[in-house]
Structures are given as structure tokens and as C-alpha cells.
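Hi,

Here's the structure I said I'd pass along.

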Amino acid sequence: MKEKMKYVIIGNSAAAIGCVSGIRTLDKVSSITLISDESHFTYSRPLISYWLKGSVTDDKMYYRNSDFYEKNTCTTLLGKKVDKIDASAKKVVLDDGNTVEYDKLLVATGSSPFVPPVEGLANAQNSFTFMTWDSVKAVKEAVSKDSKVVIMGAGLIGLKAAEGLHEVCEDITIVDLADRILPSILDKKGADFVQKHIEKEGIKFVLNDAASSVKGNTISLKSGQELTYDVLIVAVGVRPNTGLVKDAGGNVNRGVVTDNRQATTLDGVYSAGDCTESFDICTGQNKILALLPNAYMQGEIAGINMAGGDKTFDTAMPMNAIGFFGLHMITAGAMEGECLEAIDDNNYKKMYFSDGLFKGYILIGEISRAGIYTSLIREKTPMDQIDSNLLKVSPQLLVFDKKARQHKLAGGK
Amino acid sequence: MEVNVKKIYVNEDRCLGCHLCEYYCAFAHSGQKDMVKAFSGEAKPQPRLTIEEGDSINFAVSCRHCETPLCVESCITGAMQIDEDGRVFVDESRCVGCYTCILVCPFGSVIPGKEKAIKKCDLCIESGNPACAENCPNLAIIYEERE
């Protein structure tokens, strides 16, 4: 039998859970200790807006079945914060002074809401972020039907917050410096398409503008306009939590730097999830891809490698599936190159091609079978190997030649 | 996962394009005992497979129950799961219909539900015999264990 290892995971969300599963594919016996500063059983962070809306109840918030830790023999230290990693002594130091030794460590510390340096914002009254279950519980306490809500940030988090709050209160205004909503996933025209849909729900937008100061219950915008609020949600972006690795001497850029096995530059220390940088296969650049599927897969691969396996993660790319007020959208890849579009009143589609490859797409409304598109981007299938005319009509397996199709219809790895 | 689970295999050369698999799939998941009743209501039962129809070729596509399912790995709520027999299934009570599974499934096998939760092939877990294969008149859909 292999020598027993001591695995320690800092984090308790997608990357951490993926890591537990990865470790347990190879090592069923060694101890795993999960440490998180949140006190909850592992829960799904993207569900917080659904919880606020009331469409997901407490018992459905959990990311894994209630026997997950037990089944995977994990010890949990919940509600405990890690102060530092002592990489030479191979131990982590908690804020209560206790230490936990490790042979292999995963840093899956995620990210934190960014509060921009706006005068008066840091201490603004009734101001909340929208990131954790606890932060949303605080929002729920603060809002009532008559609340006037201002949300800073028209990205994924800000808009999901708006959707969740819309069930509770009527007066919601979203402010963003960008010229469009969802700038990280949509082009301008697509963003306008979605914005119109959201505006039908009575939600107001102030774009191309940002707060210059907050005083009392009044936000002054750069344009001179003033907005009063009862509840303010700050959702302008997130910053990766890289401090522990950086302070321990590990290599950090914008996010924690890892190799494609998720190892950091510190001996025995791995990292996964929103705190890390990923190699985007569409653009060939390292970037933060703070996406739940990415986090889980990185975590799983880290776990496999921590347990002595050898697996690389080389399929990361931007991709999102999200919906607002019944309008769904799926996007993936890079929005660059030759663009083909098909737009009607209810659906919006853009496909991007370059170097003989399918590089990226935006689908709004009709999103059926989008994964076939995603797979062509992920696998870098040359366009001359598939029926590109059919491809442009809709995602379908008929685009492949007979041999490839037969393989798919009998496969499934 | 080291399981040799029975899978659905589709042979496009044998497919007549009759759509019987689609109807039987929808019926099998309708909760009705009588097919006529199942299809006579206003809300037509929804199939968990898709039929692709080309000029001269047709075939049914349903979940491949992958060994390392991207849908399970990517599911944001934990609703999509794989059981000990290698069967990929969704706990509909935990699905919020975000469609991340649709974003990642390379076969286009996950179907948006008429209600919130997505729909997918569950290999007819209740009867143990997938209705699509059982009712295919021309052996275009076969449920068996292969190496």
C-alpha cells in the first residue's frame, strides 16, 4: 500500500470539491482536510441570486449531497481563515493560531468583490457585495418592496443580482462605466438585444457613467447626475485571492500562476479556480477565467496530480451559459475573425471564424445543442473537415462526416 | 469510472426516420400508462432525444452517458450526477435551467425543458429498458454492452 498522504485544501467551492473527487480517483485512504472561512456545507455560489429570488430554497443550495464529506472521508475546518502558508515547513497557519500540516496543498481561495476607490464608497451606508450566501442573506434583510436599489456593475453578477432583487423590489437602477451590459461575454449589438429584454421588466440602466462619490444615500455620477438609494449593490468585478501564495513566495501575476498540471511554483502546492490564471486555448493568452466549470476541472486535475497521477488541463476557454428573465444566452470562445450573423426579433446569433477554424459564438434566445459548437472550438476541428453550411444553420452532428459521426454515436468518453 | 455499462448505440444506416423512438421516449417519461392519453393532453410530453434528418440520412441522438461527463463536471448546482453504474442523470429538483450542460455537451444531448429543469436520457431507469431501443422497428437503436 502507498504511504499515506496529508492533503489540505483551502477552499470549499467548485475547485475544492473537484480536487476531492480527483484525489479520490487514485487515493481512497489518505486524509483530506478542507478549510474554509465560510461556515456553510459546500454550496453553489451561482445559486445565491436564485435563493434571493426565492426559486431555490436553503436545502437546494448545496453543491453536493449531504454525505459528500463523509463518503470522501474529508475533515472540515469551516469558519476558519488561513493566515499564511509556511511553504518550507509545509503547513498552513490559521487565524486562531492552530497549524495544519500538509504533504500536498490546494489553494482554491476564489476571488473577492472589488470595491472601486470611489470617495465615500468603502463606508457607504446600506452597501453590499454579491458574492457569498452570507452577503446575499444580508441583502435580503436590507431590502423591502419599496426599496430603491442601485447596482454598480452591469456584468454577470450585477445583472443576476438585479434579477434576484426584482422579485422583491420594483425600483432597480444599474450603473456601468461601459457602453453596454455584459461586456465580458457579449458584443455591443448582442448586449443591446439583452438590455431591451431586461428593460421590459422595468429595470433601468445608466451606461457610460460611473460613481464619483457616495455621500449619505446619494451617489454622484461623473456625468453630474445624482441617484439616491436605499440599498446599494457593488458588483463591478472581482479580484483573485492570491495573497496566500504570493506571501509564501509563489509566482503570482494577476492570478496565481500554475503549470498545466495546476502546480504552483511552491513545492507541493497546487492551485485551482477563480484565484488562478488559465491558458485560454482560443487566444493563446493566460487570463483569469472565473467560471465554475473551469474551476471544477482545474480542481479535479490538481487532485489527480496531488495524488500521484499525471494529468494536464489544456481545454480552458471563456464560455458562459446564463439567462435573465427567461431569455437565455450561451457564448464560448473568442469573438474575433470573420463574423457571420443571423438576427431576428427573438434570437441573436453570431459565429466567428479565422485560420480555418471556428473560434467563437454568441447565441441568444435559441441555444439548443450549443455544445456541438463548443466542442468544435475546443477540439479545433478544421472547418474543411465538416459541412460548414450546415454548421451555420444550427449545431448538429450532421456537420461531421459519416465516420466521425458513427464514432460519436457509439462513443462517449 | 471502471464500469462497463450498457449503452445506447445508434446505427444511422438502419434509421428509417420514423420518429417512433421520439414518441416512445416522450411516452415513457410522461407518467401516463396509456399512450393515447399521454398525447391527447394540451401539454405534449417531451422526448429526451433529438432526431437529425439529412437528405438521405437520419438518426437519433441521446445522451452518451460519458465516462467523464462534461455536463456533470460543469453543472453549477450539482444537479447533474453520475451514478455507480455510470448512468448520467439529473436531479430535476436541483436544476435551475442555467443550461451550462447544454453549453458543454459535445453531442447536443441535453434538451431545454418546457419547465425550468433540463431534460435528458435516463436510460429509462424505471423500466430498465430504454423505450427508444425497445420500440425501434429496424434495429437502428440498440441497447447493449460493448467493449
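Below is what turned up, starting with the ground rules.

This is a predicted model, so local features need pLDDT of at least 70 and side-chain atom pairs count only at pLDDT 80 or more, while totals for chains, interfaces and linings use all residues. Residues are numbered from 1 along each chain as its sequence is written, and chains are lettered from A and ligands numbered from 1 in the order in which they are written.

First, a helix pair in chain A. Helices here are DSSP runs of H or I with at least four residues, and strands are E runs of at least two, numbered from the N terminus. The axes of H1(A) (residues 14-26) and H8(A) (residues 292-306) come within 6 Å and cross at roughly 35 degrees (lines fitted to C-alpha atoms over the stretch in contact, with angles from 0 to 180 degrees between N-to-C directions). The contact residues split into 16 nonpolar, 7 polar and 1 charged (nonpolar is Ala, Val, Leu, Ile, Met, Phe, Trp, Tyr, Cys and Pro; charged is Asp, Glu, Lys and Arg; the others, Gly among them, are polar).

In total, 40 residues of chain A are in contact with 32 of chain B (C-beta atoms, placed from the backbone, within 7 Å). Chain A's side has 23 nonpolar, 10 polar and 7 charged residues.

Lys215(A) partners Thr218(A), and Gly216(A) has a positive phi near 60 degrees.

Cheers

Key. Contact = placed C-beta atoms within 7 Å. Pairing = 2+ DSSP bridges.
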